Amino acid sequence: MTDNRSREDFVPFRGTNPSREERPRQRTLAALAAVGLVVVGLAISRLDGPLADKAGDALYAAFVYALLVVVAPHARRWTVAAVAFGVCALVELAQLTGIPAAVVDAVPAARYALGTTFVALDLVAYAVGAALAAFVRRRSVVPG
């Protein structure tokens, strides 16, 4: 007995990587998300208070996550989350050296990317942001 469904009707099973046709869509959505995260992050940076700071840190991790999806749309979402957290943690730990502070003195806008002062609690915010980004990403396209 033949199946009447065409190949175009085929929906991949969970656990498969996105097809070549889906990867540009993944990149586009991730790039749009990154732009949106920058806008929201800049708005939050204008607020005062510890919650605004931690929300900004979580958004920073989600932004790094989105950039990684642009670069590697086929990567598993929890792998991307781990790498995003690792990048954020490295930037935070670099603040212990004073190098980011020196860069920010020369280029004040670098504060948004590098920060200036190490705060251990920022690592928790990065973990939350990366995990939320992974949770939001469509599981049916790229499973974790």
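**Exercise 1. Salt bridges**

Task: State how many salt bridges this predicted model holds, and name their partners.

Solution: 
1. The count for the structure is three salt bridges.
2. One of them pairs the side chains of Asp53 and Lys54, at 3.2 Å from N to O.
3. Another pairs Lys54 with Asp57, where the N to O distance is 3.8 Å.
4. A further bridge joins the side chains of Lys54 and Asp122 at 2.4 Å, N to O.
5. Through shared partners, Asp53, Lys54, Asp57 and Asp122 form one network of salt bridges.
6. As background, side chains of opposite charge can pair when their charged atoms come close.

**Exercise 2. Positions along the chain**

Task: Find where Lys54 lies relative to Asp57 and to Asp122.

Solution: 
1. Helix H2 holds both Lys54 and Asp57.
2. Three residues separate Lys54 and Asp57, about one turn of the helix.
3. For the salt bridge between Lys54 and Asp122, the pair links distant parts of the chain, with Lys54 in helix H2 and Asp122 in helix H6.
4. Lys54 and Asp122 are 68 residues apart.

**Exercise 3. The largest pocket**

Task: Describe the largest pocket by its volume, its lining and the helices that contribute.

Solution: 
1. The space in the largest pocket is about 720 Å³.
2. Its lining has 28 residues, and those nearest the centre are Gly56, Asp57, Tyr60, Arg111 and Tyr112.
3. At least two lining residues come from each of helix H1 (22–45), helix H2 (50–71), helix H3 (77–94), helix H5 (111–114) and helix H6 (121–136).
4. H2 gives the most, seven residues.
5. By class, the lining has 15 nonpolar, eight polar and five charged residues.

**Exercise 4. The second largest pocket**

Solution: 
1. H1 has the largest share, with six residues.
2. The lining divides into eleven nonpolar, two polar and three charged residues.

Technical notes:
Residues numbered from 1 in each chain as written. Predicted model: local features only at pLDDT ≥ 70, side-chain atom pairs only at ≥ 80, totals over all residues. Heavy atoms only, no water. 1 Å grid on protein atoms, 1.4 Å probe; cavity = no way out; pocket = protein on both sides within 12 Å on 5 of 7 lines; lining within 4 Å. Points joined across faces, edges and corners; volume = space filled by probe spheres on them. Helix = DSSP H or I, 4+ residues; strand = E, 2+ residues; numbered from the N terminus. Nonpolar A, V, L, I, M, F, W, Y, C, P; charged D, E, K, R; others polar. Salt bridge = Lys/Arg side-chain N within 4 Å of Asp/Glu carboxyl O.
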